[in-house]
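I opened this structure to take notes on its surface, its helices and its charged pairs. My entries follow in the order I looked things up.

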Amino acid sequence: MEILDTKSFADAFGASLPLPATLDPHFEEALRHVLDNHGSLVRPRLVYQVAVAYGLAGEHAKDLAIALEYFHTSSLLFDDLPCMDNASERRGVPCVHLAFGEAGAILAALALINRAYALSWKAASGASQPNQAKALQYIEECLGLNGLLNGQSLDLHYSTLPHTRQTTERIARGKTVSLIQLTLVLPAMLGGAPVREIQLLERIALYWGLGYQIVDDLKDVLQSDCEAGKTVARDELLDRPNIAAAVGIYGAVRRLNRFIDLGDRTLRRLIKEKPALSFLRRLRSDLEEELVRVTANASETTVGERT
């Protein structure tokens with residue numbers, strides 16, 4: 001399998017949204033701010049590897065990888081707006097709405113979404129007609145009214161909902177799991193993966209998606225802005241879902257370990273069916289390492305909760 005390095009994806013992230021010479025200078029500055037601050041790019045590397053493992057051509061796999069990263073980045077631009085989380089920092093730099101205004105952030109997010117759909121269609125052109133239809137419908141399911149959008153709306157109105165584990169996980173399924181599903185399942189779907197392997201990937205996406213949301217919730221409670229690379233301590237202030245607030249830090253860590261265990265069992269079955277996906281073990285290890293890093297200074301708190 002061809003492996004592309006982080007620089008290759010960083011270059012593609014910047015180059016896959018061509019900026020015309022006639023673009024309004026203020027709009028161009030906002031877009032360059034986004035394109036120059038791309039984050040770790042773990043997601044597109046993973047999309048690419050899954051796609052290639054299922055036989056999608058490298059060019060189409062790369063288009064799909066950048067498309068999904070654009071969708072993800074656009075959701076962050078919206079999430080940071082004053083009418084949502086009112087954040088001040090993202091990926092270690094000022095949020096787009098602070099640097100270029102709310103209108104600039106909204107337009108930049110829409111530019112990313114528009115380009116993401118175009119790249120998705122280009123990627124889908126490398127698949128069979130039936131797989132194209134399934135994949136494009138799956139994008140709508142994950143990003144639309146049954147997925148990301150509904151999860152975001154529930155998140156904004158959390159104050160009117162029961163502050164329970166069940167509620168926080170329901171919201172996480174919409175906001176976080178949907179994007180992980182796109183990352184793992186969509187490239188496999190385009191590559192014609194068997195139904196059984198699609199089912200296993202969806203289960204892994206569920207366990208890892210809920211797991212990553214718990215890590216994010218713990219960061220909001222336990223880390224500083226500098227450590228997290230974004231504005232923290234927002235969930236309590238804005239009355240937003242946070243599993244650590246709902247069940248305590250110890251309960252959240254225990255829940256996360258449960259998801260890691262379930263994910264491990266499912267991953268073993270998947271790799272037995274498709275050995276070419278063994279690289280997914282690295283992502284699982286990253287999740288556990290992130291848990292250890294985030295909770296390193298939380299031992300006294302968790303001990304207090306247990307007693």
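**Entry 1: positive patch**

I find that helix 9 (195–222) and helix 12 (243–273) each supply at least two residues of the positive patch. I keep in mind that this is a predicted model. The patch sits on the surface and gathers Arg196, Arg203, Arg268 and Arg269. I looked up Arg269, which is found in helix 12.

**Entry 2: nonpolar patch**

I then turned to nonpolar surface. Ile106, Leu107 and Leu110 make a patch of about 240 Å². Ile106 lies in helix 5 (residues 96–124). I noted a relative accessibility of 34% for Ile106, so Ile106 counts as partly exposed.

From Leu110 I went to Ser75. The two are 35 residues apart in sequence, and their C-alpha atoms are 9.8 Å apart in space. Ser75 is found in helix 4 (residues 58–79). Is Ser75 buried or exposed? Ser75 is buried, at 16% relative accessible area.

**Entry 3: helix 3 and its flanks**

I checked the length of helix 3 (residues 42–53). Its 12 residues reach 17 Å from first C-alpha to last, close to the 16 Å expected at 1.5 Å a residue. How many of its 12 residues are buried? I count nine, so I call helix 3 mostly covered. Among the buried ones are Arg43, Leu46, Tyr48 and Gln49.

Next I looked at both ends. Leu41 lies in the loop between helix 2 (25–36) and helix 3. Leu41 has a positive phi of about 65°, although it is not a glycine. Its relative accessibility is 1%, so Leu41 counts as buried. Just after helix 3, Gly55 takes a positive phi of about 90°.

I also noted Asn86, another residue other than glycine with a positive phi, near 50°. Asn86 lies in the loop between helix 4 and strand 1 (89–90). Asn86 is partly exposed, with a relative accessible area of 38%.

**Entry 4: salt bridges**

My search of the whole structure gave 13 salt bridges. Side chains of opposite charge can pair when their charged atoms come close.

I took Lys175 and Asp79 to begin with. They form a salt bridge, with the closest N and O atoms 3.6 Å apart. Lys175 lies in helix 8 (residues 165–190) and Asp79 in helix 4, so the pair ties together parts 96 residues apart in sequence. Both are buried: Lys175 has a relative accessible area of 17%, and Asp79 has 10%.

Arg165 and Glu169 were next. Their side chains meet in a salt bridge at 3.2 Å, N to O. Both lie in helix 8, four residues apart, about one turn of the helix. Arg165 is partly exposed at 26% relative accessibility, whereas Glu169 is buried at 11%.

Which residue does Glu169 meet at 2.7 Å, N to O? I find Arg255 there, in a salt bridge. This pair links distant parts of the chain, with Glu169 in helix 8 and Arg255 in helix 12, 86 residues apart. Arg255 is partly exposed, at 23% relative accessible area.

I closed with a network. Salt bridges that share partners join Asp79, Asp85, Asp155, Lys175 and Arg240.

Note on methods
Residues are numbered from 1 along each chain as its sequence is written. This is a predicted model: local features need pLDDT of at least 70, side-chain atom pairs count only at pLDDT 80 or more; totals for chains, interfaces and linings use all residues. Side-chain values use heavy atoms; hydrogens and water are left out. Patches are made of residues with over 30% relative accessible area and no salt bridge: like charges are joined within 9 Å, nonpolar side chains (Val, Leu, Ile, Met, Phe, Trp, Tyr) within 5 Å. Accessible areas come from the Shrake-Rupley method with a 1.4 Å probe; for residues, only the protein chains shown count as cover. A salt bridge is a side-chain nitrogen of Lys or Arg within 4 Å of a carboxyl oxygen of Asp or Glu. Lys and Arg count as positive and Asp and Glu as negative; His and the chain ends are not counted. The place of a charge is taken as NZ of Lys, CZ of Arg, CG of Asp or CD of Glu. The expected span of a helix is 1.5 Å times one less than its number of residues. Buried means under 20% relative accessible area, exposed over 50%, partly exposed in between (1.4 Å probe, protein chains only).
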